[in-house]
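Colleague: I am new to this structure and would like to learn how to read it. Could you walk me through it, one feature at a time?

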Amino acid sequence: MDHSSTCAICGSEPETSFHAVMSCTKARALRFDIRNSWKLPAEKELKFTGPDWVLLILANSSQDTRRNLPLLWWRAWHLRNGIILKGQATVAASVTFLLKFSQETATSFTTEIPDQKGKRPIGVTTPAASTKQAVSSSGSGWTAPGDPFLKLNVDDGFVASSEEASWGAVLRNHLGEALLSAWGRLPYCCSAEETELAACIEGLRISRAARTTENILESDCQMMTNALNQVHRNHSHLAAVVHDAKVLMIEPLSCSVAFVSRGNNSVAHALAMKGKTSRCNRLVLEDVPPDVRPLALGDLMPD
Ligand SMILES: [Zn+2]
């Protein structure tokens, strides 16, 4: 962020990243409100200590805080953009969003998946068939691939009532560094299942276009990972899309497909949410966007 201009919201300090997500009036109001529900470090520990302030704060935080703070920073940035660009974002709406988001992802750390869900052949639509399912997980955080492998995380968003679909993908190395991130709309998808597969194909395409090759593909849609891992031919109405994804997965090198809980797929999820409000079908960065960076810094599973 440019450090020279004064904050457009409070006008009291230069508009640094720390100011935007920590000391600006709206960021502080959001943090104080969310403290009623979330455990956060004491205010005196949330100080600017130099360019590595994010890493230093996270290094001294508990596992819960390592998860909560990046979400808070991500949302504080979103709130700021909403106020400056649209003039209509509120602290209360951001608190509601964070509590809901946290609840959804927290479930994925503790809830057992019922056997019959998430294991249907793709294309068999039931009320629950398109719902992302949570599974138990040994911890929270993204797991890095071993050096020199790369991991592609993909996620999608689909609103049934409006048939609005979006996707997000991030390619990261063994240090958790993002080599690519991408997001956008999926204007031709008309079901959650189709959107999930399309998100996977978009992610694989950007990885191929950049001449990088992921070795592991992760998604929080168990139905999709099952379909892609299926050896037999898919016979559903989405067979052609499943086939396209499988072809992308084996050329030029084959990659494995793994299911991951939603809480451990948070960067791809945040990118898919960005895709919802994007005007483009495909935006690609050789990094993660600034608003998602805190999530990428904070989601590494501790060794
Ligand atoms: Zn400010």
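Modeller: Let us begin with one residue and its contacts, where two residues are in contact if their C-beta atoms, placed from the backbone, lie within 7 Å. Not counting residues up to four places away in sequence, V267 touches W142, N153, V170, V288, V292, L295, A296 and D299. Please keep in mind that this is a predicted model: local features need pLDDT of at least 70, side-chain atom pairs count only at pLDDT 80 or more, and totals for chains, interfaces and linings use all residues. Residues are numbered from 1 along each chain as its sequence is written.

Colleague: Where is V267 found, and is V267 buried or exposed?

Modeller: First, the terms. A residue is buried if 20 or more other C-beta atoms lie within 10 Å of its own, exposed if 12 or fewer, and partly exposed in between, with C-beta atoms placed from the backbone. Helices (H or I, at least four residues) and strands (E, at least two) are DSSP runs, numbered from the N terminus. V267 is found in helix α9, residues 266-277, and is buried, with 28 other C-beta atoms within 10 Å. Its contact N153 is 114 residues away in sequence, yet 8.0 Å away in space, C-alpha to C-alpha.

Colleague: How many helices and strands does the chain have?

Modeller: There are 10 helices and 6 strands. Of the 303 residues in the chain, 40% are buried. Among contacts between residues at least 6 apart in sequence, 73% join residues at least 24 apart.

Colleague: How should I read a nonpolar core?

Modeller: In soluble globular proteins, nonpolar side chains tend to be buried together. A nonpolar core is a set of buried Ala, Val, Leu, Ile, Met, Phe, Trp, Tyr and Cys residues joined through C-beta atoms within 7 Å. Here the largest one has 64 residues, and A169, L197, C200, V267 and L271 have the most contacts inside it. At least three residues of this core come from each of domain 1 (17-108) and domain 2 (123-298); such domain bounds come from an automatic or database domain assignment.

Colleague: Now helices. How do I read the length of α6?

Modeller: Compare its reach with the expected span, which is 1.5 Å times one less than the number of residues. α6 has 18 residues and reaches 26 Å from its first C-alpha to its last, close to the 26 Å expected. Because 15 of its 18 residues are buried, α6 is largely enclosed by the rest of the structure. T195 lies in this helix and counts as buried, with 26 C-beta neighbours inside 10 Å. Leaving aside neighbours within four places in sequence, T195 is in contact with D156, F158, A165, L186 and C189. Just after α6, R211 takes a positive phi of about 60 degrees.

Colleague: Why do the buried residues of α8 line one face of the helix?

Modeller: Helix α8 (residues 239-250) has 12 residues, and its buried ones are V241, V242 and A245. Seen down the helix axis, these fall within an arc of 100 degrees, so they line one face of α8; the arc is that of the directions from the helix axis to the C-beta atoms. On the other side, A240, H243, V247 and I250 are exposed. The buried residues of α8 pack against α6 (192-209) and α7 (222-229).
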